[in-house]
Amino acid sequence: MRFSRRAARVLPASFFARPADIVARELLGGLVVSRLGGVVTSGRIVETEAYLGGPDPASHAYQLRKTVRNQALFGAPGTWYVYLSYGIHWCANLVCRKEGSGSAVLLRALEPVDGIPKMKARRGVARERLLCSGPGRLCQALDMTIDLDGKRMNRSDVRVLEPEVSGDQVVAVTSRIGITKAADWPLRFVLAESLHLSKRVRPAIPG
């Protein structure tokens, strides 16, 4: 696939004020730009997952249950929701639909673009493919932590620019990864030809 290099704008809150499955697919190709840690690091979104809030058993907002830790998930569209997975790594989500719905998109994998030497130092790995090929990995590479939780994306130090994809690309849809409830729901969206996915997409449902 090829990505255009023309200037892109930061995605507005209105982009996220839609169902999470639509947002998740349309985020593919968007550029995540972090200015955390005193250096610019960025990556192109190649994998996302949608979580649908109240009716989704795999969502942290299932049945709209609110806790101290998931408050940001019920925020306005375009709000960062960051949580610690298995007590080990951070995972970054962007809130969707309307305030209070609890739906969001998880960023699962990026293709590194800028600041790759810094990403390698943060991750402690040399292979570029391993820098952002997973939600915990990409947060570590871009220095994303709980400090982002609850912040509006377009006012934070980590912003998402509109997708600027050109040329042919294959979008595939699969079931979500690493969950036990609603595990068969087809809510994982990937740029199927990318080498930076957290998991290969074979077989896949055409997108």
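Is R97 buried, partly exposed or exposed? In this predicted model, R97 is partly exposed, with a relative accessible area of 39%; buried denotes under 20% relative accessible area, exposed over 50% and partly exposed the range in between (1.4 Å probe, protein chains only).

The model is a predicted one, in which local features need pLDDT of at least 70 and side-chain atom pairs count only at pLDDT 80 or more, while totals for chains, interfaces and linings use all residues. Residues are numbered from 1 along each chain as its sequence is written, and side-chain values use heavy atoms, with hydrogens and water left out.

View A. R97, a residue other than glycine, has a positive phi near 55°. Its place is in the loop between β5 (89-95) and β6; strands (E, at least two residues) and helices (H or I, at least four) are DSSP runs numbered from the N terminus. L64 is likewise not a glycine and has a positive phi of about 60°. The loop that holds L64 runs between β3 (41-51) and β4 (80-85). L64 is partly exposed, its relative accessible area being 45%.

**View B. Aromatic pairs.** The model contains two aromatic pairs. The ring centres of F15 and F16 are 5.1 Å apart and the planes stand at 75°, so this pair is edge-to-face. For Y81 and Y83 the centres are 5.5 Å apart and the planes lie at 35°, so the pair is tilted. Rings of Phe, Tyr and Trp (its six-membered ring) pair if their centres lie within 6.5 Å, and planes under 30 degrees apart count as stacked, over 60 as edge-to-face and the rest as tilted. F15 and F16 are both buried, and both Y81 and Y83 are buried.

**View C. A patch of positive charge.** On the surface, R127, R129, R137 and R200 gather in a patch of positive charge. Patch residues have over 30% relative accessible area and no salt bridge, and like charges are joined within 9 Å; a salt bridge is a side-chain nitrogen of Lys or Arg within 4 Å of a carboxyl oxygen of Asp or Glu. Within this group, R137 belongs to helix α4 (residues 135-141). R137 is partly exposed, at a relative accessible area of 32%.

**View D. E111 in strand β6.** E111 is found in strand β6 (residues 104-114). The residue is partly exposed, with a relative accessible area of 23%. E111 and W80 are 31 residues apart along the chain, and their C-alpha atoms are separated by 20 Å.

Conventions:
Patches are made of residues with over 30% relative accessible area and no salt bridge: like charges are joined within 9 Å, nonpolar side chains (Val, Leu, Ile, Met, Phe, Trp, Tyr) within 5 Å. Accessible areas come from the Shrake-Rupley method with a 1.4 Å probe; for residues, only the protein chains shown count as cover. Lys and Arg count as positive and Asp and Glu as negative; His and the chain ends are not counted. The place of a charge is taken as NZ of Lys, CZ of Arg, CG of Asp or CD of Glu.
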